[in-house]
Amino acid sequence: MKISYNWLQELVKFDESPEELGRILTGTGLEVEGIEEHELIKGGLKEVVIGKVLTCEKHPNADKLSVTTVDVGEAAPLQIVCGAPNVAAGQTVLVAKVGAELYPTGASEPLKIKRAKIRGVESEGMICAEDELGIGSSHAGIMVLETELPVGTPAARYLDIRSDHTIEIGLTPNRADAASHYGVARDLKAALNKPVALPSVEAFRVDNHDAPIHVEVHVPEAAPRYSGITMTGLRVGESPDWLKHRLEVIGVRPINNIVDITNYVCHELGQPLHAFDYQKIAGQRIVVRTFEEGTGFKTLDGVSRKLRHFDLMIADAEAPMCIAGVFGGEDSGVSDATTSIFLESAYFSPEWVRRTAQHHGLKTDASFRFERGTDPNLPVVALKRAALLIAEIAGGKVSSEIIDLYPNPVENFRVAVKYKNIDRLIGKKLDRYAIQKILFNLDIRYEIENEEGFVAIVPPYRVDVQREADIIEEVLRIYGFDNVELSEDLKSDYLSPFPSKDPDELLLRTGGMLAANGFNEIINNSLVKPTLEAALADDLPGEEVKILNYLSEDLSILRRTLLFSALETVAHNLNRRQKNLKFFEFGKIYFKEEAAYREKNRLSIVMTGNQIQESWVAPAKALAFHDLALVVSNVLSLMRTGTVTAQKYEGKIFAQGIIWNSGNREVARLGLVSPEVARTAGVKSEVYFAELDWDYLLKKYSSAVDYREVSRFPEVRRDLSLVVDKNVQFDALEALAYRTEKKLIKEVNVFDVYEGKNLEGKKAYAISFTLLDDARTLTDQEIDRVMQKLMGAYEKEFGAIIRK
C-alpha cells in the first residue's frame, strides 16, 4: 500500500522527515518497505531561480535575438542570449542557470543548460518559457512574473512546487483499518500524541431534488449498510493538477475528475465509492440483489462473465450494473457525456466480497478493502466528502437527499481486560494512565473500570481487535517493543538461550547432502578385531582401549578408526554381488592418551566400484581418487571450513593419499586404501576411503555468511604451459601464483598434465589463470604484465621452462 507524505501531513501535523516517519510507522506495526521521492515536476526545477532583467540589447549578429544581463542574486549578473520576443529590461523572470536540467513539455530528452556562445556572444543560462520548464504548453514568450520574492529565490518556491515522498507500507491482512491515509494518521495520532484533522464536511447541503432515486436491498446480510446520493449538472473532464499529482504519488492512474475523486476519497478515508451514470439507470431504481446462476455480465475491462448465485450485484430495474464491492459494469460507468450520477457508498460483508472476487479473479482497490472489513460508520461521511469535491471540481449539485439504508447498525466490540494480564504479557508494569491514553488515541474507550481492569469498547472498523490479547498488543505496539526491558527473570520461552549451532541439525544436513549424492548411511559396532588395527598402530591416534570383560577375542578393543568398520560393510556387500558402493558413517573413535581416555567424533566416507554404471548412454567408468576428493571437498564447503592445504600422506593405510589441514589441524585424510589393508578385511577390490574430524568441523562451523556483489566487470582467462621437475606438485605452483599476484588472480586451475619419455625427470603442466578486477575492466597491457610476472616467478622458483 502506498501513502503520500504530503497528504499525510494534511491530516496530522508533524515535523518528522520521511525516513523518521518510516521508523515510527514500522514501530507501530505498519512496516515501511520503501520510501521514494516523487517530483511533481521532473527534475524539481533545480538551479532555476527568480531573476531580474537589468539590460536588454539587440544581438549584434542576429535580428531575432537579444543580449540581456540578469541579476540572479549572485556576485555578478549573468549575460544571457534570449530569443523571446517579449523580453525587456526591468522584467522579473525565471532563469535556468548553467548546470540546470530541464524537462520541456513534450520532449523525450532532458535539456541540459550549458555555458555557450550563440552567434559569437557568450550566454550563461536561459530565460524560460512555460513549456521549457515543463509546467505548461505555452511558448509564446518567456514567463514574466509579478512577485515580491527576492532574486535568487528558487523557482520551486515561487511556483509552490513541493516534492513528495511515496511511502510503501507492507500492510498485513489484519490491518484493514490502516488501508488509507486516515487509517495511517490514526496510528500516528497514538504514536506522536497529535490530533487527526479530517477535512470538514459541514458545508454539505442538498441543492435540489431534481434526480430522485429509489433504493432496495434484497440481501441485507450481504450489504448491512447502503448509502447514496444523486448529483446533476456535472462536467466530466480532466482533473486539476493537484488531484492528479496526489493520485500519481500513490500509483493510481488519473482517468477523469469524477472517477479520480472517488479514488481520492477511497485512499483518503478507506471507504470505496462507485459512481453510476444516472441516465443509464433503468427506472431510476437501485436494487442490491443476486441473480440466477449463469447470468451474463460485462465488466469495465470488457470481459463477459458468468455470474454465480452468490455474487452480490448492484442492479437497476432491469439488469445488473456492478459487482458489489468489486468491479463496475461497462454499460453503467461514467463517460465524457455523463452529466448526472448516482454516487454509492456502502458497507458490504467481507465474506461475500471475498468469495466473489476470488471466483472471478478480480483484485481491485475496492475489493482489497471490503474483503478485509471497512468502517460501517464511514459511508455517509465519505459521501459528503466526495460530493463537496465533485461540486468544487466538476460543478455538480446534490440533487437528492442522502439515502442511508442501515437497519441493523454494527455494534462496537466489548472486550474485558485485566491489568495483571497486560503486565504479564508485556513483561513490564505500565502506568495505568499511559495505557488509557494509548487506547483513547486509538479510538478505544473504557467502560466499567476498576483496580483489576476494565471493559474496552472497540470501534467496529478494528476487526482485528476482539480479544484481550489483541487489546494488549495495541498497547504494546504504540508503547514500543524497544521500550520493554528484558529482565533476568523474564519467563517467555522464546527468550531462552539457544546454542549458536545445533550439532544434530548440521549432522542431518551433511547426511542429507551425501544421501542426495547416492550415498547410504551405515552404523557399525564400535568394537573391532585387535588383529585388524595391530598392523596400523603407528598410523592411529594414542593407545588402544581394551574391553575388560569382553565376550569375544574378535570384539575386544574399541576402534581407533572407522576404516575397518567401513571395510567390513564393503566386504559384506561385495560377497552379495553388490559391487558399486557408496557409504558414510557418523561414528566415534576411542583411544588412550596421556593416561586419559579420549572419545572423538568422526565422519567416514567409503566408495568402491564404478562411478558411472554401464548404460546405452555411456560405458562404465571406474571410481578415481578425485571422485572421493570432490565429495570430501563438498562436505568441507558445507561446514564452511575455509581454505585447506594439502600434504602427501606417508603411512600404511593408503597406497596413495593426502591429508587436508586447516591451519595446523588435520581435518581429513583420504585416498586409495592399501591393497594389503583391504585384504585383511576380505576386500579385493579398490576401495577409496576418507575420515574427517567431525568435532573440529563442528567447532569451525559458523552460521554467519558474508556476501559479496557479483562483479560487473568481465573475467579474463590466460593459459600457461610449463615444464618443471617431476617432484613439483600443482599445489606449489598454485600457491606461488597467489603470492605473486595477490589482487587480480581469482582462480588457478590445471587442465592437463603430461609425463613421457621425452621429458625424463620432468613434468609438463597446462594451467589456466582467471583474472578479474572488481573495479574496472582489465586492459591487455595489465594482463600481459601479470602473466610476465608469473612466468618470471616460475622460472626463478622452480627453474620452469615456459612452453610457447
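How many of the 12 residues of helix α5 are buried? The views below show a predicted model, in which local features need pLDDT of at least 70 and side-chain atom pairs count only at pLDDT 80 or more, while totals for chains, interfaces and linings use all residues. Residues are numbered from 1 along each chain as its sequence is written, and side-chain values use heavy atoms, with hydrogens and water left out.

**View 1. Helix α5, residues 181–192.** Helices (H or I, at least four residues) and strands (E, at least two) are DSSP runs, numbered from the N terminus. Of the 12 residues of α5, 11 are buried, meaning under 20% relative accessible area with a 1.4 Å probe and protein chains only; among them are His181, Arg186 and Leu192. From first C-alpha to last, α5 reaches 16 Å, close to the 16 Å expected at 1.5 Å a residue, a span taken as 1.5 Å times one less than the number of residues. Asparagine 193, which follows α5, has a positive phi, near 55°.

**View 2. The open sheet β1-β12-β2.** Its three strands are paired in the antiparallel sense, where pairing requires at least two DSSP bridges between two strands. The edge strands, β1 (2–4) and β2 (32–38), each pair on one side only. Between β2 and β12 (residues 164–169) there are six bridges, and glycine 34 has glutamate 168 of β12 as its bridge partner.

**View 3. Helix α2 (residues 18–27) on the sheet.** Helix α2 touches β2 and β12, contact being heavy atoms within 4.5 Å. The direction of α2 makes about 160° with that of β2, where axes are lines fitted to C-alpha atoms, for helices over the stretch in contact, and angles run from 0 to 180 degrees between N-to-C directions.

Key:
Buried < 20%, exposed > 50% of the residue type's maximum accessible area, 1.4 Å probe, protein only.
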